[in-house]
Each structure stands twice: as structure tokens, then as C-alpha cells.
Amino acid sequence: MQLPVPLRDTTRPLESALTEADTDRFTGILRITGEPGGDLRFVDGRIVAVTTGGAPGFDQQAGDRPLGAARTRLLRMTATVDGTFAIAAGWIDRCHWIDADPRVLGEEDLGYEPRWLLGETERRLAALANAGFSPYRNLLALTDFGRSERDRANGVAAEILRLADGSRSCRDLAFLLGRPLYPVTVEVGRLLTTGHLTVPAPSVDRNPTTRPGTVDPALPRRRRGASGINDTLRPRPPQAAPPSTTAVDEHRAPQRRTERIT
């Protein structure tokens, strides 16, 4: 699958890293820095788990309810694919390898083939390439129409409308609901299209104690368009990343360029 050029350029480091891990049968952790970033855990070239602050993981999605073996396998696969999507849907700064003993990684199942996982991730990114909002940076609020229709909604739409109060993003909603980020983002896109939700304009000054004409140091610096309202799915980075840190380390020699976790 060919992604649109802006998406393909920014996901290229992840694509290269997954291809390399598969080829080298890597065991360890692929650490991705950025927004939200995360860890992909490999055993013999297969991905056994994904950890990221961008989406609920297996434990959050499973909750306290008992799961059978088939349901557990399905939920682990869903969490792995969704976690990789969450990382790729953000801003990737750098990918680097961390060597690790496979015993600290866990082997609940045989893991997932990197090329398959990359294909699933690209399919989700392509489906949301023209969404026009970020699952991380844009907050969601009810419109008057959404407020009047809230009691008539059902399923995940009803849950989203109940929680959308102008202070939560798609990621926030996914964690509150214990649902994968991707389907929550898809449903939010639909509710934006139908006029149930809106993306409010960012507040000019959220700190009433800040003097006029000054910049609150507690707030992130913003540049034109950084709200993401008119952007594609991918959020903009807070600042331009140095060119030398936006790609996977080239010509990696695992025994020399990795660091061991203690």
C-alpha cells in the first residue's frame, strides 16, 4: 500500500526499523521517541508487545473481566496493531535499538510478523489520511446538535458524546473508554462530519494571571497551524527535528550499538 507522501515521509523511520528487525531476527526493544512514541518489543524478529502512551494497551482494554484463550489472543493482537498505529499516527523523532534478554520481554504468544503489522498500520493511516484532525492535539466538544441528539445515540457514539466536553482528545477518550485508539478516532471523524462534535479553537490565554503581551512559560510554544485543525491526521512536532535524528540508525551492528537494560 502506498501512503500519501506526507504520511510516508514521516513513517519511513518506523518502516525501515521494522524491516531491519525482521531481516536480522532481532531480540530486544525498538524505542521510538516522538509524540507519543513508544516501545516495540521483539523476540527473534517478531513483535510480542507494543507499549505507548498514545493508546490503551492490553491490560487497559481487558480490564478486570475474565477472558478465554481465544479472546485473549484476539485482544493482544488488537492492542499490538492499535499501539503501532498510535505511534505511527503521531510524530516520529528517532528509532533506536535496545538490546535485552528475551526473558524480560515475555512470550505470551508467538508474536506478529513485522511486515504484516506494517501493512495493517499503513492501512489505518491511509484510511484517516484526510481526517483533518489529530487524535492527540485536537480537543473535542459537543455542538448544540450533538447535545440535543446525545440521548438518542447508542454504542460507542453515545459514550463519546457523553465524554466530549471540550477538554479531551481522541486519545483521552480511548483511555477513558478502554477502547483502541483507531476505532475511537474513526467514530470521532464520523461525528465531526455529522455535526455532533466540533473542534473548538484553541484558547488564546488559558492562564488568567498572565499579563497581556507576555507568554505563559507553562504553555507550549505554538506556531501558525499547530492546532492541527486544518492538518491531516498527523500532529505537527513542537519544533523541527534535527535531520540527523529523524531516521533509524544506519548500518546497525547490534553488538556494538545497542545498550543493555539492567
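In this predicted model, helix α3 (residues 69-88) packs against helix α8 (residues 181-193) at an angle of about 60 degrees, and their axes lie 8 Å apart. Because angles of 65 to 115 degrees count as roughly perpendicular and those under 35 degrees as roughly parallel, α3 is oblique to α8. On the α3 side the contact is made by Asp82, Phe85 and Ala86, and on the α8 side by Leu181, Tyr182 and Pro183. Sorted by class, the contact of α3 with α8 has 5 nonpolar residues, 1 charged residue and no polar ones. Two packed helices are described by the angle between their axes and the distance between the axes.

What else does α8 pack against? The buried residues of α8 pack against α3, α4 (114-127), α6 (155-163), α7 (170-177) and β6 (197-198). These buried residues are Leu181, Tyr182, Val184, Thr185, Glu187, Val188, Gly189 and Leu191. An α-helix has 3.6 residues a turn, so residues three or four places apart point the same way.

At 1.5 Å a residue, the 13 residues of α8 should span 18 Å, and the end C-alpha atoms of α8 are 18 Å apart, which agrees. After α8 comes glycine 195, which has a positive phi, near 85 degrees.

Another glycine, glycine 34, is located in strand β1 (residues 28-35). Leaving aside its neighbours within four places in sequence, glycine 34 is in contact with Trp91 and Asp93. Glycine 34 and arginine 94 are 60 residues apart in sequence, yet their C-alpha atoms are 7.0 Å apart in space.

| Residue | Relative accessible area | State |
|---|---|---|
| Glycine 34 | 32% | partly exposed |
| Cysteine 95 | 0% | buried |
| Cysteine 170 | 0% | buried |

Buried means under 20% relative accessible area, and partly exposed lies between that and 50%. At 32%, glycine 34 is therefore partly exposed. Cysteine 95, at 0%, is therefore buried, and so is cysteine 170, also at 0%.

How many disulfides does the structure hold? The structure holds 0 disulfides. A disulfide is a covalent bond between the sulfur atoms of two cysteines.

Turning to the whole chain, its secondary structure comes to 9 helices and 7 strands. Of the 262 residues in the chain, 46% are buried. Among contacts in the chain with a separation of 6 or more, 75% are between residues 24 or more positions apart.

Technical notes: Residues are numbered from 1 along each chain as its sequence is written. This is a predicted model: local features need pLDDT of at least 70, side-chain atom pairs count only at pLDDT 80 or more; totals for chains, interfaces and linings use all residues. Side-chain values use heavy atoms; hydrogens and water are left out. Axes are lines fitted to C-alpha atoms, for helices over the stretch in contact, and angles run from 0 to 180 degrees between N-to-C directions. Helices (H or I, at least four residues) and strands (E, at least two) are DSSP runs, numbered from the N terminus. Angles under 35 degrees count as roughly parallel, over 145 as roughly antiparallel, 65 to 115 as roughly perpendicular and the rest as oblique. Contact means heavy atoms within 4.5 Å. Ala, Val, Leu, Ile, Met, Phe, Trp, Tyr, Cys and Pro count as nonpolar, Asp, Glu, Lys and Arg as charged, and the others, Gly among them, as polar. A disulfide is a pair of cysteine sulfur atoms within 2.5 Å. Buried means under 20% relative accessible area, exposed over 50%, partly exposed in between (1.4 Å probe, protein chains only). The expected span of a helix is 1.5 Å times one less than its number of residues.
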